[in-house]
Amino acid sequence: MTETRLDDFIRIQNVTKRFGAVAAVDDADFGVGRGEFFSLLGPSGCGKTTLLRMIAGFEYPTDGAILIDGADITDLPPHKRPSNMVFQSYAIFPHLNVFDNIAYGLRKQRLPREELARRVDEALAMIKLTGFGKRRGDQLSGGQRQRVALARALIMRPKVLLLDEPLGALDKRLRESMQIELRQLQKTVGITFVFVTHDQEEALSMSDRIAVMSAGKVLQIAEPRTLYEQPNCREVADFIGTMNFFAATVTARDGAVAVLDAGPLGTLRATSPEPVGAKVLVAIRPEKIALADSGIAGTIAASAYLGERNHIHVLVDGVKEPVSVAQQNLDRAGQRLNAGDKVHLAWQPDAMVVLPV
Amino acid sequence: MKKRGGKKGWGLFVYAILYLAFLYIPVLFLPLFSFNNSMFISFPLSGFTTQWYAQMWHDQEVQRALGNSLKVGAAAAIISTMLGLPAAKALTRYPVPGKGALIGFVNLPLFIPEIVLGISLLILLNWAAIPLSLITVVIGHITVCVPFAITVLMSRMDGFDKSLEEASLDLGENGWMTFWRVTFPLVLPGIVSALLLTFMVSFDDFLIAYFLAGTQVTLPIYIWAQLRFPFKLPTVLALGALILLVSCVLVVTAEWVRSLGQRGRTVVGA
């Protein structure tokens, strides 16, 4: 049933990994393109790291196969795989200096000394740490250690670079600049990156495509914009960004458009293939809801000023959860919103995403 | 500061002094009388001499016993550390079934009275018709040294990030080379510490050696035998003082090496 697509540079083929009765990865089946920046995104314990470690060879799948560049590597030990890894802890060898850390994998290839030194110097230049060769691992800052780990892996010229939450240990400012640097580096070297993170903003800003995982299952694989604007289920919609959900029932169909009875919100029309009678969720992002002169009536329950935007919770009669509304601060002398104010909510029909319950 | 210490502080201070005195004064008698110019152990001291040390130094039997103890200690230390290394690696790196029970079982010789261990080993060797010699002493010492070696090495192995070994595998080295290029250098302080500690355990042991040495003599056995001759006592004191000094130096060195390793640990964890 599953076709092996030859254009996939990495092929994860019906991979399952069980630890005892628990399936850490449950029937993952997808491909990663050559030169793609591919992220595995999900909360801790969702199986993303286990999946990455199976590509690296530190864990073996209970079922399924893994192919890189057409070759089945499922049973190969890590040292025979065309992949290299940047570890979450960076795993900088404490007994070696920066030069020897970066040269570690090359030593085995018995290169002439000048060639070795040249390649390590190139790698040091690439990570902007020229002249740091003699430093010991414990004399480096977190960001520098991260770069050394990156250089040590990239100098092996791997077909695939695996990154296990490599930015998690850095502070926010450094993390943001490293995100941009890492993305640029990936474009420059053109190596396929598989990047594990639990940080949705990080995944959205860096990736070509993202696989969202939860409880061992891959829920959706898509480009960042699609994941955000067109999630395929409640979990994905909830995990990435903030989402308002309203229960509704399909009452009629009008071509591609479903007519929905959304209870207190009245009748809505949205694109959906769901048949008449189906129970669905209508999902709307907070920034796509506008405060208007007419529309759904509500009362402001809480309002937070966040600088570039206001975050407002609006209570609507008959809806249990308050509706999240994000409003851009476009005017310096903007309108002040206080708890208790009566407002009306409105949105464009195409702002709605209809999801299965 | 002084006020807050108060009376309670004083009581504890006196207690601590008394406790340390109780622990160390008897031991200090050894070096004290070893420099006393008299056959008899009694106050007042009659005069300073180093003759007992000279006598001991030139005593052929002491030399032989010392030689034996050094040989046995070195062999027991090296073999038990070598045996402990793969065991410690397995227990800290792989999901060994029944790990807790296994560690307890390996440590059992520490809790069996040595006299029982000595007799059991003697019976076993007799049954196997293995003649008693220094080799049988080494075998006996290995049984009590391996738990020490495993404990020291395990604490060291636990101390460093497992992803260091994974990184080496990932960079193309196989398991064997990873052991030599990453695991071994990082565990080295633990290995030195284990060697020194197991050497001390073997060097100090009397009971097991007494049962298994046959006609051979190790230093503790020699000392015990000399106690029958009053005129030999001062030499024994000199010998005892020397062993005390060497023991202290070894234990302090072992701890120092271990703490050197501990410093390396923060590099990994940060």
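1. A quick word on terms before the helices: axes here are lines fitted to C-alpha atoms, for helices over the stretch in contact, and angles run from 0 to 180 degrees between N-to-C directions. This is a predicted model, in which local features need pLDDT of at least 70 and side-chain atom pairs count only at pLDDT 80 or more, while totals for chains, interfaces and linings use all residues. Residues are numbered from 1 along each chain as its sequence is written, and chains are lettered from A and ligands numbered from 1 in the order in which they are written.

2. Let's start with a helix pair in chain A. Helix α2 (residues 98–107) and helix α3 (residues 113–126) of chain A pack with their axes 10 Å apart, at an angle of about 120°; helices are DSSP runs of H or I with at least four residues, strands are runs of E with at least two, and both are numbered from the N terminus. α2(A) and α3(A) are therefore oblique to each other (angles under 35 degrees count as roughly parallel, over 145 as roughly antiparallel, 65 to 115 as roughly perpendicular and the rest as oblique). The crossing of α2(A) past α3(A) is right-handed, meaning that the near helix is turned clockwise from the far one by less than a right angle.

3. Which residues of α2(A) and α3(A) meet? From α2(A) come A:F99, A:I102, A:A103 and A:L106, and from α3(A) come A:L116, A:R119, A:V120, A:A123 and A:L124; contact requires C-beta atoms, placed from the backbone, within 7 Å. This contact of α2(A) with α3(A) has 8 nonpolar residues, no polar ones and 1 charged (Ala, Val, Leu, Ile, Met, Phe, Trp, Tyr, Cys and Pro count as nonpolar, Asp, Glu, Lys and Arg as charged, and the others, Gly among them, as polar).

4. Chain A as a whole contains 8 helices and 20 strands. Its C-alpha trace spans about 75 × 55 × 35 Å along the principal axes. Of the 357 residues in chain A, 38% are buried, that is, 20 or more other C-beta atoms lie within 10 Å of their own, with C-beta atoms placed from the backbone.

5. Strand β6 (residues 83–86) of chain A is covered on both faces, with A:S83 and A:M85 buried on one side and A:N84 and A:V86 buried on the other. In a regular strand the side chains alternate between the two faces of the sheet. β6(A) pairs in the parallel sense with strand β7 (residues 160–164) of chain A over 4 bridges, where pairing requires that DSSP finds at least two bridges. In that pairing, A:M85 stands opposite A:L162.

6. Chain A also has an open, antiparallel sheet of 5 strands in the order β13-β12-β11-β14-β20. β13 (267–271) and β20 (353–356) of chain A are at the edges with a single partner strand each, so one side of each is left without a neighbour in the sheet. From one strand to the next, the twist averages 45°. Within the sheet, β11 (residues 244–254) and β12 (residues 257–261) of chain A pair in the antiparallel sense over 5 bridges, and A:R253 stands opposite A:A258.

7. In chain B, helix α6 (residues 134–158) and helix α8 (residues 175–204) pack at about 155° with axes 9 Å apart. That angle makes α6(B) roughly antiparallel to α8(B). The crossing of α6(B) and α8(B) is right-handed.

8. Finally, the interface: 17 residues of chain B are in contact with 19 residues of chain A. On the chain B side, α7(B) gives the largest share, 6 residues. The residues on that side divide into 9 nonpolar, 4 polar and 4 charged.

Key:
A residue is buried if 20 or more other C-beta atoms lie within 10 Å of its own, exposed if 12 or fewer, and partly exposed in between; C-beta atoms are placed from the backbone. Two residues are in contact if their C-beta atoms, placed from the backbone, lie within 7 Å.
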